[in-house]
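Open the model in your viewer and keep the selection panel at hand. The stops below say what to select next and what is there.

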Amino acid sequence: MKIIGREEIRIDSTLAEEVARRSGENVFLCYQCRKCASGCPSRTFMDSTPTELMRYVQLGMIDEAMKGNTAWFCVSCQTCSTRCPQDIDIAHVIDTLRIIVQEKKIKADTKNMRLFNRIWMTAIKYMGRMYEAGLVGSLNLFTGKPFKDMALGVKMIKKGKIKMIPPIRNPLATMKMFSRAKRLRK
Amino acid sequence: MKIAYYPGCSLHSTGIEYDLSTKKVCDVLGVELAEITKWICCGASPAHQCDELMSVALPAQNMVLAAQIDGVKELCAPCASCYSRLKFAQERLKDADMKKDVEQVLAAEFPEDLQILHILDVIIEKIGLDAVAEKVVQNLGGVKVACYYGCLMTRPPKVTGKQDFENPTDMESVMAALGAEPLDWNLKTFCCGASFALTQTDVVLELTRKILADAKAVEADVIAVGCPLCHANLDGRQEQINEKFDTNFTVPIMYFTELMGLAFGIKPKDLGLFKHLTEVDDFLKERALI
């Protein structure tokens, strides 16, 4: 965690209010007991711990909360939300931060998750179902690692676990859902 | 008993053994699984972290379709991730504004009284362990099983309604009913990294390594799972883990429904047992189970 001089700290509740408005979660209930950080399986990969992330949101330290990789290493295992003594759904707060970053197109260390989300959601929109071969293929292509997990992929195809033909079923239904959602947001 | 069935994307691809074994086991237990014919992806990994509205609307659409099936009051989703998203949608739809928006996206009314069940819930709550034990024709005597729940079969309890979320034991009860020996171990609800396999593979290799090592430490013959993402990581990544960490894991990873199927005398091929990436043949032959 970066140590910041006292004069630099500004408490700005804009971000906390936006999180509350979107998710219904009140980050000010957090008193930094660190239970979330101690149970978090990906904490060693993160720039800061989930506890620190909550503090950044409380203090309105937008750069620290939004631009680092912490939120993007959350694997949504729900351990923090389950154990929080203040009953804050921390995983929901983290999801909300990720949504804000994507919606506002904020530059952040998203670990390719922005791309992952976009590819998968596009597949749902136009096919109705997820298409593994397409998801893995486009992910590898766009991240410049075309041969990632190649041996594993070949094995899975041989075992009949990955289908090459996209599972297009009733795509009109999902396309209509997405367009109604778009209209609703306007 | 007739229950609506939502396989989800994984059970039609990487987790095909889970689909096959679930259907076979339900057949034996007299449960009719009515698959929702026009089911769509529940949004699983991406929707909740990029689009709150769709993360609720996608699972809700499947519930609308399930409720249209004649005589159905319950919906079974064997995939822990699908199960979680369906349960989360129900929870979020308690909010009146969210419900109004989602119903507009669906252009349909949301069916509130549909009960969402994981396949393990169906077996424990709707069938019962006595009925399971009655169907056993091949006792799994002496097979040491580490039951692995991962995250979403139990967490968060506010959504799943589970009581024993830190130390669940339902799967152990089922294994005991088959004659197997469920083991006490530490990481049964630890995360495997799930869909991070595709984007942050290092996280998955590290977490999965810990789980395999813990199961090995208690001398497990097999790890039983109830989630296709857990299975894909534990079963499919052992070779990469061995390479990266200089280990020599060859731990068979089986869906708990596959073990049930074996005990019920169903042919291994019909359960999809030969589709695993970490072979289970040697283990099963050694135990005279095939």
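Is the crossing of α4(B) and α6(B) left-handed or right-handed? The crossing of these two helices is right-handed. Keep in mind throughout that the model is predicted.

**Stop 1: two helices of chain B**

Select α4 (52-67) and α6 (96-106) of chain B. The two helices pack at an angle of about 60°, and their axes are 9 Å apart.

Now show the residues that make the contact. On α4(B) they are B:L53, B:V56, B:A57, B:A60, B:Q61 and B:V64. On α6(B) they are B:M98, B:D101, B:V102, B:V105 and B:L106. Colour them by class: 9 are nonpolar, 1 is polar and 1 is charged.

**Stop 2: where chain B touches chain A**

Show both chains. Here 46 residues of chain B are in contact with 46 residues of chain A. On the chain B side, the elements that give two or more residues are α3 (44-47), α4 (52-67), α6 (96-106), α11 (196-199) and α12 (201-217).

**Stop 3**

Domain 1 covers 2-119 and domain 2 covers 136-286. Their C-alpha centres lie 23 Å apart. Between them, 24 residues of domain 1 are in contact with 25 residues of domain 2.

Look at the side of domain 1 that touches domain 2. The elements that give two or more residues to this side are α1 (8-11), α2 (16-29) and α5 (80-92) of chain B. The largest share, 9 residues, comes from α2(B). The residues of this side divide into 11 nonpolar, 9 polar and 4 charged.

**Stop 4: a helix pair across chain B**

The crossing of α2(B) past α15(B) is left-handed.

Show the side chains next. B:E17, B:Y18, B:S21, B:T22, B:K24 and B:V25 in α2(B) meet B:T257, B:E258, B:M260 and B:G261 in α15(B). This contact has 3 nonpolar, 4 polar and 3 charged residues.

**Stop 5: the sheets of chain B**

Switch to a cartoon view. Strands of a sheet pair through backbone hydrogen bonds, either parallel or antiparallel.

Select β1 to β4 of chain B: these 4 strands form an open sheet in the order β2-β1-β3-β4, with parallel pairing. Which strands are at the edges? They are β2 (32-35) and β4 (115-117), each of which pairs on one side only. From one strand to the next, the twist averages 35°. Inside this sheet, find β1 (residues 2-5) and β3 (residues 74-76), which pair in the parallel sense over 2 bridges. Zoom in on B:Y5, which stands opposite B:C76 in β3(B).

Now select β5 to β8 of chain B. This is an open sheet of 4 strands in the order β6-β5-β7-β8, again with parallel pairing. Its edge strands are β6 (181-182) and β8 (253-255). Strand β5 (residues 144-148) is joined to β6(B) by 2 bridges, and the two run parallel. At one of the pairings, B:K144 has B:E181 in β6(B) as its bridge partner.

**Stop 6: chain A**

Chain A is divided into domain 1 (9-103) and domain 2 (113-185). The C-alpha centres of these domains lie 29 Å apart.

Finish with α1 (residues 14-23) and α6 (residues 90-103) of chain A, whose axes come within 10 Å and cross at roughly 105°. The two helices are therefore roughly perpendicular to each other. Their contact is made by A:E18, A:V19, A:R22 and A:S23 of α1(A) and A:H92, A:V93, A:T96 and A:I100 of α6(A). By class, these residues divide into 3 nonpolar, 3 polar and 2 charged.

Technical notes: Residues are numbered from 1 along each chain as its sequence is written. Chains are lettered from A and ligands numbered from 1 in the order in which they are written. This is a predicted model: local features need pLDDT of at least 70, side-chain atom pairs count only at pLDDT 80 or more; totals for chains, interfaces and linings use all residues. Domain bounds come from an automatic or database domain assignment. Two residues are in contact if their C-beta atoms, placed from the backbone, lie within 7 Å. Ala, Val, Leu, Ile, Met, Phe, Trp, Tyr, Cys and Pro count as nonpolar, Asp, Glu, Lys and Arg as charged, and the others, Gly among them, as polar. Two strands pair if DSSP finds at least two bridges between them. Axes are lines fitted to C-alpha atoms, for helices over the stretch in contact, and angles run from 0 to 180 degrees between N-to-C directions. A crossing is left-handed if the near helix is turned anticlockwise from the far one by less than a right angle, and right-handed if clockwise. Angles under 35 degrees count as roughly parallel, over 145 as roughly antiparallel, 65 to 115 as roughly perpendicular and the rest as oblique.
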